[in-house]
Amino acid sequence: MRTGWADGPEFVTQCPIRPGGSYTYRFTIQGQEGTLWWHAHSSWLRATVYGALIIRPKEGDSYPFAKPKRETPILLGEWWNANPMDVVREATRTGGTPNVSDAYTINGQPGDLYNCSSKGTVIVPIDSGETNLLRVINSALNQELFFTVANHKLTVVGADASYTKPFTTTVLMLGPGQTTDVLITGDQPPARYYAAARAYASAPGAPFDNTTTTAILEYKSAPCASKNCATSKPVMPSLPAFNDTATVTAFSKSFRSPRKVEVPTVIDENLFFTVGLGLNKCPKHLNKARRCQGPNGTRFTASMNNESFVLPSKLSILQAYEQGIPGVFTTDFPANPPRQFDYTGNVSRSLWQPVPGTKGYKLKYGSRVQVVLQGTNIFTPENHPIHLHGYDFYIIAEGFGNFNPKNDTAKFNLVDPPLRNTAAVPVNGWAVIRFVADNPGAWLMHCHLDVHIGWGLAMVFLVDNGVGELQSIEPPPADLPLC
């Protein structure tokens, strides 16, 4: 709150930290408990630059569930055998899709199912009768992931550093940027069981990494825990099919806040944002064979409300906003799509090419905001994990097809919707979020599949200061990186 200078996305709230330079992020944690994460926010550097950020209850407070015996962070990652920066540079040069990853990882290790990984599988300890807390984080760059543990149930108790009404499941689905806290109980015969993650690939026909990463849930009392276990293979779980949207829907609809919450009911800003891909025609001056390798000689792009977001390069948006410097961004991001169409049907080719720009949408301090996030069927539909910086928001409804205010408003949960910072917008569907704009600054809203943010699936909310110091952004720190 009020420390937008510590948010991190390059050219939005700061200029990037230069090679060899440093910058200290200073912020206060308020009202959040559970699991978040930190990561680089510059091109594809977060492929390897990330970690867990764990917020425990205050001294004297306790978890809203029995204190677990132990806890283990489970960071799901994505690995390329190439330098990820070279992968994204090549895709930018050709206009095509970037090469998919070569492996997924759990806590940096790919696990037993890859050729290269015989020695480094992560062990997650448990013992008979224990209940442990797993803090699962999807840190993968471009892939939503299923996660499960063989023969064990998972009780979800938190997500994105907010507690949830506990519910039990055998499989999680996390989009990049999402975290899920689960309790697991050692109620199976003492042995070794695989924890495994693999892709939820919602875009029909799009290439993806179809490998599986594993860790080992190991009972300390297992007969082989002290000896060499090479002879006994851990029990392998079954994972959902790569395109199992029904499982994803059942899972995402299970999330509730632990009790009745104060959802904004009177709305000041009613916004409707389309999110999805697009294709740019090949510019005449480019060599089509080398520079336009998207479908039919085009270049891939992405947009919100037909605006394809372009990062500035000389100054951050927050600096320009706070200091009144013109020419860095404009404030005319559209509140609704410039043209209405059948978003999830057969979309006319005339709507496939978005307009590039650096546009923000202004919000008055304290305004109550509703955003309908509507997926589109341009080129391919896909589940998009949409993340809003600087805020948690209530996801009050989600569904498939085109959002229909007449019928779909009846589905709104205004009693106990979950509080999240990333909403997985269903494939060829929609999600509705609400929040109060009480954190002044420039806040990026973007798809957390990094290939999409690079293509322009982003926008910025510009939230004004309120009245007095406690409703205003703090001054920029002295060590803020220079461009």
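Predicted model: local features only at pLDDT ≥ 70, side-chain atom pairs only at ≥ 80, totals over all residues.
Next I went through the secondary structure, where the chain shows six helices and 26 strands. The radius of gyration of the chain is 22 Å, close to the 23 Å that the globule rule gives for 483 residues, so I noted the chain as being as compact as a globular protein of that length. I also recorded the span of the C-alpha trace along its principal axes, which is about 70 × 55 × 55 Å.

For contacts, I took those between residues at least 6 apart in sequence, and of these 80% join residues at least 24 apart. For charge, I have 41 positive and 38 negative side chains in the chain, and the centres of these two sets lie 5 Å apart.

Phe11, in the segment before β1 (34–39), has a phi near 65°, which is a positive value in a residue other than glycine. I checked its accessibility as well, and Phe11 is buried, with a relative accessible area of 14%, the cut-off for buried being under 20%.

Asn305, which I located in the loop between β15 (299–304) and β16 (307–309), is a residue other than glycine with a positive phi, near 50°. Asn305 counts as buried too, its relative accessibility being 0%.

Note on methods:
Residues numbered from 1 in each chain as written. Heavy atoms only, no water. Helix = DSSP H or I, 4+ residues; strand = E, 2+ residues; numbered from the N terminus. Rg over C-alpha atoms; globule rule 2.2 N^0.38 Å. Contact = heavy atoms within 4.5 Å. Lys, Arg positive; Asp, Glu negative; His and termini not counted. Charge placed at Lys NZ, Arg CZ, Asp CG, Glu CD. Buried < 20%, exposed > 50% of the residue type's maximum accessible area, 1.4 Å probe, protein only.
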